[in-house]
Amino acid sequence: MQLTREEEKAISGEYGEANAMAYRILVAIGEATDAQNLIPIKWAHVSGVNYNTIGDSGLNFLRKISEDGGRISVKSSLNPMGFDRRNVPDLPQDFIDKQLEITSYYERIGITPTFSCIPYEILPIPESGTQVSFAESNAAVLANSHLNLITNKESALSALASAIVGKAPYSDLRTEEYRNPTTEIVNESNIENELDYGLLGYFIGKTMKKSCTGLCNLSKKTDFWNIKSLSAGIGTSGSCGMFKIKESSKNNEKISFGDKEFKETKDELNTSEDGQIITFGSPQLGFEDICKITTLIEGKKFTKPCKIFCPRSVFNKSEECGISSVLQKSGAEFICDACTCLTPLIKKENYDSIITNSVKAAYYMKTSNKISVALKDVRTIVKEYSN
Amino acid sequence: MKIKCKKIVGGITKGKLLFSDQPINFLAMLNLKTGQIMDTNHKLNNLTLKNNILVFPNAIGSSVGAYTIFSLKNNNTSPNGIICTNSVDITTASGCAISNIPLVYIEKNNYEILKNHYEEKGKYSDDVVLDAENESIVLN
């Protein structure tokens, strides 16, 4: 990869150790993805915040970066942490202290503490064609596929490095060549609700070996929740970073998603008939998603405990509009700043099983938290678990 | 015998080959204390990456997997080196870069040679040398 004289100086440590580390990360990625050079980006969304996921090693790394002078040079936002900062739950004090230490380093680096995995629903979207650097997997897929932004499926470290130096290696999905699919998934199943879209996404991630996939026989006009769910499914199970809903091209290689594939995907993730608690939000719910649940549950009560994970800004808006109180009256509890995925709030010691409409939550609950999952779409959940 | 590879993260190391034709979600599947893969759907379930040279297609899923690789290194449970056979993804590249774990990519025909070597000698084979600096894998 070609580096400018300034970039060479930075990597040799002339602009501080944090900058040098950031460049070392980007150069390794540049080598891995055959980039010729680094290009400017306008926005970095950084993951690796929850103490449950990065542990003491991550904490020490972030402390060092912040002490070594690592500071952002472009607009930067942050993924969820382990719990709600304004409503601290009953967790071990050590966890709380270390989680807050991690967030303090990110704030010192200058990253806006959004604590959200749906930055695209809470911050202004740059103009079409803008290069960004999104680590959160659902956000990277959605940004490329639905928002006309350009990013690779970044890692927690590459997005942090890009936040600091304001650049990313020019390769893979950042180049036009890789954004045109040569393989397509042909939907031959009856895809109706957000859960179906999530399962389709999970299948795509697992099957597709290329960075961009075509997606045929699927309506372009669909709810945003479905697009989120599809993006999250793709991001969870694979390395694919973009889909294009399109007409089939006769030259493209084709992979079918029929009733058999649908059933096999669901059987892998749906590991329980029932659960002890309902969770919504992985990715976190946006304002529209919350409105949809409100319409379904208004005047009724959940028959099981229900946790709703959303960004604080979405909760505040729901509160101002009188929507959060409707959900709270129905028995739902709001948790801001965090997400179902790898939350320390749902542990094997307390729960054997959960009910959710999220394929991403199902995968991480099953694999990491070792909790079984009843996967149902939101309408079915409200129908079966309210009166 | 020497096999050519492409250097992504430099260094020289050795260890036994641990083959996987399935990708790995580092965040979800790894036990940080032991380096074991803990996923009943994965063919390497219960096997440890520790001290081995991991040969696998690429990482999948969570972007936070890069920190998982760093945690494995700090816990002394990481693989000694990594060889990617499909593509070198950003998660693996950045995780290895901050952990100083040698990382290389091999082309399909070289992958076949490596795989044949592994299938002949299996886990009882001698250590192989992964020399990322000279872009070669040395088989005994």
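Which way do the residues of strand 11 of chain A point, and are they buried or exposed? Which strands pair with strand 11 of chain A?

A: This is a predicted model. Strand 11 of chain A spans residues 306-310. Of its 5 residues, 5 are buried, so the strand is largely enclosed by the rest of the structure. Buried here means under 20% relative accessible area.

Take the two faces in turn. Cys306(A), Ile308(A) and Cys310(A) point one way from strand 11 of chain A. Lys307(A) and Phe309(A) point the other way. Both groups are buried. In a regular strand, side chains alternate between the two faces of the sheet.

Next, the pairing. Strand 10 of chain A, residues 277-280, pairs with strand 11 of chain A in the parallel sense. That pairing has 3 bridges. Within it, Lys307(A) of strand 11 of chain A has Thr279(A) opposite.

Strand 12 of chain A, residues 332-336, is another partner. Strand 12 of chain A runs parallel to strand 11 of chain A, and 5 bridges join the two. Cys306(A) has Ala332(A) of strand 12 of chain A as its bridge partner.

Cys306(A) and Lys307(A) point opposite ways from strand 11 of chain A, and both are buried.

Key: Residues are numbered from 1 along each chain as its sequence is written. Chains are lettered from A and ligands numbered from 1 in the order in which they are written. This is a predicted model: local features need pLDDT of at least 70, side-chain atom pairs count only at pLDDT 80 or more; totals for chains, interfaces and linings use all residues. Side-chain values use heavy atoms; hydrogens and water are left out. Buried means under 20% relative accessible area, exposed over 50%, partly exposed in between (1.4 Å probe, protein chains only). Helices (H or I, at least four residues) and strands (E, at least two) are DSSP runs, numbered from the N terminus. Two strands pair if DSSP finds at least two bridges between them.
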